[in-house]
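Colleague: Please take a close look at a single part of this model and then place it in its wider setting. Plain words will do.

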Number of protein chains: 2
Amino acid sequence: MKNRCENCIVRQFNSLRAMSKEELKRVSDSKTTKSIKKGQSIFEEGEKLNGVFCVREGVSKLSKLSANGKDQIVKLASKGEVMGQRSVIAEESSNLSAVAVSDMEVCFIPKEGIVDTLHKNPDFTVEVLRHMAHDLREADDVIVNMSQKSVKQRVAEAFLYLGENFGEDKEGYLSVTLSREDIANVVGTATESCIRIISEFKKKGLIKTSGKKIGIANEKKLRDLVEGF
Amino acid sequence: MKNRCENCIVRQFNSLRAMSKEELKRVSDSKTTKSIKKGQSIFEEGEKLNGVFCVREGVSKLSKLSANGKDQIVKLASKGEVMGQRSVIAEESSNLSAVAVSDMEVCFIPKEGIVDTLHKNPDFTVEVLRHMAHDLREADDVIVNMSQKSVKQRVAEAFLYLGENFGEDKEGYLSVTLSREDIANVVGTATESCIRIISEFKKKGLIKTSGKKIGIANEKKLRDLVEGF
DNA sequence: GATAAAATATGATTTTAGTCAGTTTTCCAA
DNA sequence: TTGGAAAACTGACTAAAATCATATTTTATC
């Protein structure tokens, strides 16, 4: 058992860093690490979660099924992010499904350790609260984008977002590779519309593609487009 | 000074109920009550808030200005709701503006009392956390609705939402009266489109109107419409 | 390496919603 | 009470995006 939370760098990025040594030890002793293949499900919408998932490696999409049968991707979670927090805290079943977008390593942490610490260590609780406050702000921004921006603007914004938050490889392609359908589900549009816009962006030199990989070719122009030209 | 938080029934609906007697006393001593006229602003997007606002009476719209110059209403806050929490907790300036939709009574509570309690009373912090978790879930739902439902469905849903959350008067009209423009800004559409849909709903007997008041005439049909008929 | 299945792409068409222009109604404030 | 502004409404037109159909490419699998 060499993978101790105490040594896990990922912890730096989430609320676990506010835990005391003892609390962290308890979490580390109770956690289990899982390898998850691309495309595999981590948890489902409506499922009762008895713990949270801490992402060590890879990226997961968090989505919600809409009445018309389409998935809307609400958030992408990568290294350091904790999934399922909201449901555990609210003591509700999950409102989102989590599916791996790339091969992943995640740690499952049973909720007891988390919930106990929430009630005993205010620093930890405040830290979790801050994170949630941040998520809420982001959600507000998404609402505004969804309702006020055109599909073209949202696609452009999605690429910029992916670049900023998940980085690029040496050749300048986005590190997270999503299928066209997933991109459409992030943006909230039809897959065909999304593909068309990608072609258009490519033709105009805003992005470059290589297989399903996408790279930002002209950041300035993309930004101008997002701002409403 | 007869309006003590200790006696305020509004408190039952928000996180303040988890405060101890002493903490509540402190809050009560530091708070100030304000009357706000319909249309008046409570705080602006980008403003640094040095406290939170607890709604005693009336309704406020929380909105965000989009790049194209339109307001998107992200949330409506009524009796018992606390506004500005997110910003105070995250120590950021507000991401939303608050404007009174009806005449209001709000209490301003300086942040010190809140922040201190957050660090000292885990029960309170967890309570706040629960509320925020709930808000976040609602925000996720809004994102999905915005991106996957038609304008017609969103308008129908807005009326049902208003009915459920703010009630109706004796004649069966929604208690919150919003202008057509505000409804459009909740739904994320053009005012004209919104008006057209309202006319259509009225013609089809889904709703009834009286001046700017709107009442639900056929809940079942409205629900069917929201579900995609 | 062949073949089926899935993902990507493109075209034609329809639906939906936004925009612009103008009219009517409502609501205040002088 | 009345004139002027704001809000509500209507119509015509345009633009954006969804849908349907089909072709092509990529990927996985035996």
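In which strand of chain B does Val52(B) lie, and which residues does that strand cover?

Modeller: Val52(B) lies in strand β3 of chain B, which covers residues 51-57. This is a predicted model, in which local features need pLDDT of at least 70 and side-chain atom pairs count only at pLDDT 80 or more, while totals for chains, interfaces and linings use all residues. Residues are numbered from 1 along each chain as its sequence is written, chains are lettered from A and ligands numbered from 1 in the order in which they are written, and side-chain values use heavy atoms, with hydrogens and water left out. Helices (H or I, at least four residues) and strands (E, at least two) are DSSP runs, numbered from the N terminus.

Val52(B) counts as buried because its relative accessibility is 3%. Buried means under 20% relative accessible area, exposed means over 50%, and partly exposed is in between (1.4 Å probe, protein chains only). Contact means heavy atoms within 4.5 Å. With neighbours within four places in sequence left aside, the contacts of Val52(B) include Val82(B), Met83(B) and Gly84(B), as well as Cys107(B), Phe108(B) and Ile109(B). Asp135(B) is 83 residues from Val52(B) along the chain, and their C-alpha atoms are separated by 16 Å.

Chain A also has a strand β3, at residues 51-57. Two strands pair if DSSP finds at least two bridges between them. Strand β3 of chain A pairs with strand β8 (residues 104-110) in the antiparallel sense, over six bridges. Within this pair, Phe53(A) has Phe108(A) in β8(A) as its bridge partner. Both strands belong to an open antiparallel sheet of four, in the order β1-β8-β3-β6 of chain A. At its edges stand β1 (32-36) and β6 (82-83) of chain A, each with a single partner strand, so one side of each has no neighbour in the sheet. In general, strands of a sheet pair through backbone hydrogen bonds, either parallel or antiparallel.

Next comes strand β4 of chain A. β4(A) covers residues 60-65, and five of its six residues are buried. It runs antiparallel to strand β5 (residues 71-77) of chain A, with six bridges between them. Lys64(A) has Gln72(A) in β5(A) as its bridge partner. The hairpin of β4(A) and β5(A) has five residues between the strands, and there Gly69(A) takes a positive phi near 90 degrees. β4(A) also pairs with strand β7 (residues 97-100) of chain A, antiparallel, over four bridges. Lys61(A) stands opposite Val99(A) in β7(A).

A loop leads up to β7. In chain A, Glu91(A) sits in the loop between α2 (85-90) and β7. Its phi is near 55 degrees, a positive value in a residue other than glycine. Glu91(A) is exposed because its relative accessible area is 56%. In chain B, Glu91(B) lies in the loop between α2 (85-90) and β7 (97-100), and phi of Glu91(B) is positive, near 55 degrees. Glu91(B) counts as exposed at 57% relative accessibility.

Among contacts in chain A with a separation of 6 or more, 69% join residues 24 or more positions apart. The C-alpha trace of chain A spans about 55 × 40 × 30 Å along its principal axes.
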